[in-house]
Amino acid sequence: MAGKLIICPTPIGNLGDMTERALEALRSADAVCAEDTRVTGKLLAAFRIEKRIERLDEALIGERASSLVERVAAGEVIAYCSDAGMPGVSDPGLRLVRAAREAGVPVEVLPGATAVATAYVASGSANPRFYFGGFFPRKDAERRAVVESLCALDAALLFYESPNRLVAALTSLAETLPHREIAVCRELTKLHEEVVRGRLPEVRDAFAAREREGAGIKGEIVLVIDGPSEAEGAVAEQDAEVAARARAAELKAAGVRSKDVARAIAEEFGIARNAAYGISLEA
């Protein structure tokens, strides 16, 4: 049999979501590589599959990817599993697939469970596009920088987040995008699945209250932030107009002609030329 690398998605919480194709791939593979051998070992045991499992996490994939690709080229069938969901989505599997593609060895990617698509649909977002940013940065300044760089994107924004950092992340988001709605999708497909949706300040307050009350926040979390709203656009226009009036007053005080003031504030604040000229005259 010709060798190949098989990317096997696994359930994100419910064993019933394991596909027959993935099970057959795991049964027939010469070896199974896993992000965590303990997690994948339990999965294989649940389906009574006895197979040698090799650890292949973020720390090992850089040094082992080339040797695994050589084994595939020599005729070995290797299956790769991440801890949960689709391998390659925010885990080391992406580097393994890239190494295989660069070497020209066969890669078979099986479809299956993924937290990203599940959360996007479960969130009730009305935007037909979404952007997935992987795990949210740990530091507040980095979180804010990421959000500010994406806030104009006409798409829902999806991020993974740790329950230990959820309130801090929601606080950053609420201060940066106070008019947006968000869905916090927690424990998807599991017994205690929960989707909490609302305006960012309200959702932040709800989870902050849980934390204060000692209820605790557990499980894997996907944040789904709605795209730009009309309310947000109206506030942005108001802020731009206030800033433009202040700038126009400064320029006029410095002796700049009304026509040049209008041109300057139109370019700086993205205001229509006619509106900018009216502001310059008033100044």
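Is Phe132 buried, partly exposed or exposed? At 24% relative accessibility, Phe132 counts as partly exposed; buried means under 20% relative accessible area, exposed over 50%, and partly exposed in between, with a 1.4 Å probe and protein chains only.

The model is predicted, so local features need pLDDT of at least 70 and side-chain atom pairs count only at pLDDT 80 or more, while totals for chains, interfaces and linings use all residues. Residues are numbered from 1 along each chain as its sequence is written, and side-chain values use heavy atoms, leaving out hydrogens and water.

The structure holds four aromatic pairs (rings of Phe, Tyr and Trp, the last by its six-membered ring, with centres within 6.5 Å; planes under 30 degrees apart are stacked, over 60 edge-to-face, the rest tilted). In the pair of Phe132 and Tyr160, the ring centres are 5.0 Å apart and the planes stand at 70 degrees, so the pair is edge-to-face. Phe132 belongs to strand S6 (residues 130–135) and Tyr160 to strand S7 (residues 156–161), so the pair ties together parts 28 residues apart in sequence. Helices (H or I, at least four residues) and strands (E, at least two) are DSSP runs, numbered from the N terminus.

**Stop two: the largest pocket.** Stay on Phe135 and Tyr160, and select Ala84, Ser90 and Glu220 as well: of the 27 lining residues, these five lie nearest the centre of the largest pocket. A pocket is found on a 1 Å grid over the protein atoms alone, as an open set of points with protein on both sides within 12 Å along at least five of seven lines; lining residues have an atom within 4 Å of a point. S7 and strand S10 (221–225) each supply at least two residues of this lining.

Select Cys8, which is buried, with a relative accessible area of 0%. A search of the whole structure finds zero disulfides (pairs of cysteine sulfur atoms within 2.5 Å). For Cys8, the nearest cysteine sulfur is that of Cys81, 5.0 Å away. Cys185 is also at 0% relative accessibility and counts as buried.

**Stop four: helix H11.** Select residues 273–282, where Ala276, Ile279 and Ser280 are buried. They cover an arc of only 100 degrees around the axis, which puts them on the same side of H11; the arc is that of the directions from the helix axis to the C-beta atoms. Turn to the other side of H11 to find Asn274, Leu281 and Glu282 exposed.

Terms used: 1 Å grid on protein atoms, 1.4 Å probe; cavity = no way out; pocket = protein on both sides within 12 Å on 5 of 7 lines; lining within 4 Å.
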